[in-house]
Amino acid sequence: QTGLRWVCPQSPLFLCITSGEIVVNEVNFVRKCIGAEKSHDDLWGKLICTNFKVSFVTHEALAQPRFQVSNRLLGEHDIPLACVDQVVTVNDAKGKKKVLGSNQKLKFNPSELILYCKDFRIVRFSFDEAGPEGAKKVCLAIAHYSRPADPQLLFGFELIGTRYLGSSEDGLNGARPAGGSQTPLFACSSDWDREIKRTGAAEWRVCSVNQGYGVSPSLPEFFVVPASLADQDLRQYAEAFSGQRLPVWCWNHPNGSALTRMAAITDPLQQKRLDQRICNAIIKSHPQRGDVHKADLDKNLPSIQQVNNSLVRLRHICVIDPFEETEEKWLSSVENSQWLDYVRTFLKHSCDVVYILEGLNASVILQEEEGRDLSCVVSSLVQIMVDPHFRSLSGFQSLVQKEWVMAGHRFLDRCNHLKKSDKEESPLFLLFLDCVWQLMNQYPSAFEFTETYLALLSDSMWVPVFSTFLFNGPKHHDFLEDKKITLGEGEELCLPPVWDWSQQLSITDQALFNNPIYVGKAAPYAHNGAVKSFRRTKVSWSSTLRGTPPALARNGLQGSQGTLPRRNSLAAQLKSDLFPVRDVPESPSERFARDWFSGPADPQGLLLPQLLPSHLALWRLYFLRWVPEAVIPRGGPVTAVHAVSQLAHEIETLQSQLRRYKGPTPGSTPRASPAGGPPGTPHAEPSRMFFKAGSLYEPSPPPEFLSSSFPFTPVGNLCRPNLRGTPISKLLNGAKTWLSTETLAGETA
């Protein structure tokens, strides 16, 4: 047993299973297709369906060098059933194809099985040597178990009965494991108290009116409200709001303005009175009694159905439509999917909210029908742009826990874990992660974590053992109590949160989360052989419009003196593109952005994204990681990460040597030495870098397995017709111009 994982030797092929996992059906002599046509690179083995995953077990290895993150819950060829979007069976001889649903019959013997996955993978298995009845049974089993009819049929509920029994003092949403994640879960009042103190929200208080979920089932038991609102008033107001979702506090700006969210008021007779009462309470909580602005997200942002339709179009473009038919219009097809338009829209709206909070020193109410979908995206993006705490790894995880999980985002419905209604499905969390990636792409030193972390966090939505992504809100005791498991005194059923990454990844693989160029609160430097920390003077997070020294205001793009322009020398070249000359008068928020872009960016200060189409890119690592045609061997951004990580590792080593050279301070107790070392020799601190330098001053070349898809591999996860003879293959083989298909066809002839 390794954590939750068991190695079960059944037959010569080993299957890794998890506690509570059972084998439902299996078939031998199955071929996993690596290429589009029958290939000597294909793998032979056993296809197994359990109540948790689809597993392909083989003794054979792929021919080419590769690297893949090793998930402790999943094998190399495993697919969680929650990740399966469509199960398609094919009979080549009869020319038949059928999309299987739960409890459906299959009238022909399948020769192929194609699994379309929610993480953009397409996996194909061939049954040309397998028994027809066994192939049919395993296909039907996969279709049935990938579409559970009830939440309690999700695998997480099988897991709780065998492993996760916690103390009631640990709160909801999983116990904090010893030595694991210390991410606050915001299931108790103390976590909210700490966040109030961290942000300086002195005129706000933790409210316990919803204890036992007596007011609203979709709000947490503890949340933050203006100190001037009494509990009895909140109980009275709740009935007038959609879902009884009272207005709640999200975050406080250092200038005292607050970011809040609110559901729609369903009683028109109380609309004006409640609006005025809530706004007055928020104004009283502001030290300068600043105004309150309401942002109607339902009017200004795309609907959840529009976002979902956009991702469906993007999936077809990226992984389903043949490249040889679409590559000449590929970029325009991506644009027509509107995915990047929606990313831009959410970022732009978040910038407008930042302007109100920071530029106008006013509070903001984010209002939507239920207050648990679009507001999750905007609220989170605003806090990331303004508060550098949420750009650290621990801060980002606490942000998702606070603004998504405990705010009642409907992960069960939006992920469509039960495959009940496509109308309720919407990839809002993926859209949020894409927006965060756009910010990371423009300000790479401002984030402690990497795009690999974002991709793995998104993939964890489809591993149904974590409470983080399994429910429609913080109230899920009714699901857990129905398991009828006998509990000891002080115990309750718990599911682990995703933030305990040791459940999925080794310590070595978790190093992939660490950004080697992150500029944190303190930057170490050496002075006369001593390692010190350079700390910025204690100023507010951004200097824009809040007491900026005149000398700093003149820096950047204005004049020839002062500091270098932000974003290096490209800023001056992009100035005309960023703010083109036009007849329409400049809005205050645009003037705010222009003033900010005129100065150098501080990784620990306010961040505003550049929003022109040339500044926003497709998130390649997520959307194209399984596409062999898009892979750049020993290329892509990861090659720069590899080089910088080695440099960061060398710096860590030199710092350790400097500490050893300086020795212990007078009067200090010598530390225990490593095995065999003299007393006082410092312990070698483990490096945060995944890529390490072989020796000082001699960085190693990129390994063979490194590619633009690292740390994922597309091999065996997508089967397309060959690329030979298409325009992109001509270009890669040395063509100097991008020729049309007709021109290339004539040239070939």
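Are Lys402 and Glu403 buried or exposed? Both residues are buried, where buried means under 20% relative accessible area, exposed over 50% and partly exposed in between, using a 1.4 Å probe and protein chains only.

## About the model

This is a predicted model, in which local features need pLDDT of at least 70 and side-chain atom pairs count only at pLDDT 80 or more, while totals for chains, interfaces and linings use all residues. Residues are numbered from 1 along each chain as its sequence is written, and side-chain values use heavy atoms, with hydrogens and water left out.

## Salt bridges overall

Side chains of opposite charge can pair when their charged atoms come close. Searching the whole structure turns up 26 salt bridges, each being a side-chain nitrogen of Lys or Arg within 4 Å of a carboxyl oxygen of Asp or Glu.

Let's start with Arg198 and Asp387, whose side chains form a salt bridge at 2.8 Å, N to O. Arg198 sits in helix α3 (residues 189–199) and Asp387 in the loop between α11 (374–386) and α12 (393–405), so this pair ties together parts 189 residues apart in sequence. Helices here are DSSP runs of H or I, at least four residues, numbered from the N terminus.

Arg198 is partly exposed at 31% relative accessible area, whereas Asp387 is buried at 0%.

## Pairs close in sequence

Within helix α10 (residues 339–359), Asp341 and Arg344 lie three residues apart, about one turn of the helix. Their side chains meet in a salt bridge of 2.9 Å, N to O. Asp341 is partly exposed at 29%, and Arg344 counts as buried at 19%.

Back to the opening pair: the closest N and O atoms of the Lys402–Glu403 salt bridge are 2.7 Å apart.

Note on methods. Helix = DSSP H or I, 4+ residues; strand = E, 2+ residues; numbered from the N terminus.
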